[in-house]
Amino acid sequence: MPWRNKEASSPSSANPPLEALQSPSFRGNMADKLKDPSTLGFLEAAVKISHTSPDIPAEVQMSVKEHIMRHTRLQRQTTEPASSTRHTSFKRHLPRQMHVSSVDYGNELPPAAEQPTSIGRIKPELYKQKSVDGEDAKSEATKSCGKINFSLRYDYETETLIVRILKAFDLPAKDFCGSSDPYVKIYLLPDRKCKLQTRVHRKTLNPTFDENFHFPVPYEELADRKLHLSVFDFDRFSRHDMIGEVILDNLFEASDLSRETSIWKDIQYATSESVDLGEIMFSLCYLPTAGRLTLTVIKCRNLKAMDITGYSDPYVKVSLLCDGRRLKKKKTTIKKNTLNPVYNEAIIFDIPPENMDQVSLLISVMDYDRVGHNEIIGVCRVGITAEGLGRDHWNEMLAYPRKPIAHWHSLVEVKKSFKEGNPRL
């Protein structure tokens, strides 16, 4: 019987002694057997059948097990690039130049999902740029209400500025029929008494005016004049609607006015005509050792007429403000029936040097009224927290102590300025 033959085999033949295993002849025979492919296949099959057989030494079992696991992990990585969350978090901390998916584990190609391609890829920055451009276009559309074309020329012989209104383009529709009845008012500021206007053009958004208007003005005064164009929609039964306006601050912007020059300007949206309230000139001087601030009101020009006579009775009120509270108030004398008063009056405040950064001055030009309340013509403000020229004038005064610094300041309406009692002052 086969099993009897197996049992009959001597223990010495199944398990040779240690001296026989270490002998050179036994080692040579085993090497020859290992070279035989059939013998090697038999050994591998035996290993696969029983990985925990007590006949195989523990070291051999561990080495074979590690070899099999390493081979299995290699195949899994080359075919399934998915990894655990721990590895995913680790990849996030790697430099951007290193791509784990691009490591070559064999001859297999990398997964198709990792190949760079421009098809189907979303670039958020492109969409963001388009959205920003769209917002800018909307904001421009709200600010602009079409364009107007006009020309300027100065006649030296007659000392006259000739303004020629040529045409307007792409005006907004103000009527229910989808059209407008536009016309243009022309002012040469600061003079608002001389108001000229074009004819009304019916039912059009692209009117052609081609009309000339003459403003007598000396050449040396042109630098201080502003051209104001107001575009209106005519309405027979109600108030005329304002489409927009154009203000040309510098008449020499396009040319020297010696020859006629055509100018295109965007019409800015406006619901009412902007009013020029005039200007005030005053000087500031600070003495740090004495802690004395001197504001000298010099004069005003082109003030807004507040009385029926076409004039005003102006005076200047100066308020010292600290943290939104009025500490002191001082006034000049009243000048009767004039829009260009001359004062040359000094107003003094005692302010320590360490408090100069906490205070500001509110200058108000008032129209005196014998009956009723005095009206505000316009205001301006100077201080470390003021805006524009008001802040620059204040800083220049502090940079040059004991020296009077004078500037012209434009007056603004109270609702557009900082009022007394405002905590932001």
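Author: Happy to! A residue is called buried when its relative accessible area is under 20%, exposed when it is over 50%, and partly exposed in between, using a 1.4 Å probe and protein chains only. By that rule, 30% of the 425 residues in the protein chain are buried.

This is a predicted model, in which local features need pLDDT of at least 70 and side-chain atom pairs count only at pLDDT 80 or more, while totals for chains, interfaces and linings use all residues. Residues are numbered from 1 along each chain as its sequence is written, and side-chain values use heavy atoms, with hydrogens and water left out. The average pLDDT (the predictor's confidence in each residue, from 0 to 100) is 74 for the protein chain, and 62% of the residues score at least 70. Over residues 78–84 pLDDT stays under 50, and the model has six contacts (heavy atoms within 4.5 Å) for them beyond four places in sequence.

The chain has nine helices and 16 strands; these are DSSP runs numbered from the N terminus, with at least four residues for helices (H or I) and at least two for strands (E).

Now for the interior. A nonpolar core is a set of buried Ala, Val, Leu, Ile, Met, Phe, Trp, Tyr and Cys residues joined through side-chain atoms within 4.5 Å. The largest one has 30 residues, and Ile-280, Leu-361, Ile-363 and Trp-394 touch the most other members. Among the elements that give two or more residues to this core are strand E9 (279–287), strand E14 (359–367) and helix H9 (389–399).

Two strands count as paired if DSSP finds at least two bridges between them. Strand E3 (residues 182–189) pairs with E6 in the antiparallel sense over eight bridges, and the partner of Ile-186 there is Leu-229. E6 is also joined to strand E7 (residues 241–248), again antiparallel, by seven bridges; His-228 has Ile-247 as its bridge partner in E7. In a regular strand, side chains alternate between the two faces of the sheet.

Charged pairs come next. A salt bridge puts a side-chain nitrogen of Lys or Arg within 4 Å of a carboxyl oxygen of Asp or Glu, and the structure holds seven. One of them joins Arg-202 and Asp-181 at 3.9 Å, N to O. Arg-202 lies in the loop between strand E4 (191–197) and strand E5 (208–216), and Asp-181 in the loop between strand E2 (160–169) and E3, 21 residues apart. Asp-181 is buried at 10% relative accessible area, whereas Arg-202 is partly exposed at 47%.

Glu-279 and Arg-301 form another, with their closest N and O atoms 2.7 Å apart. This pair links strand E9 to strand E10 across 22 residues. Glu-279 is partly exposed, with a relative accessible area of 22%, and Arg-301 is partly exposed at 25%. Finally, Arg-164, Asp-210 and Glu-260 are linked in a network of salt bridges.
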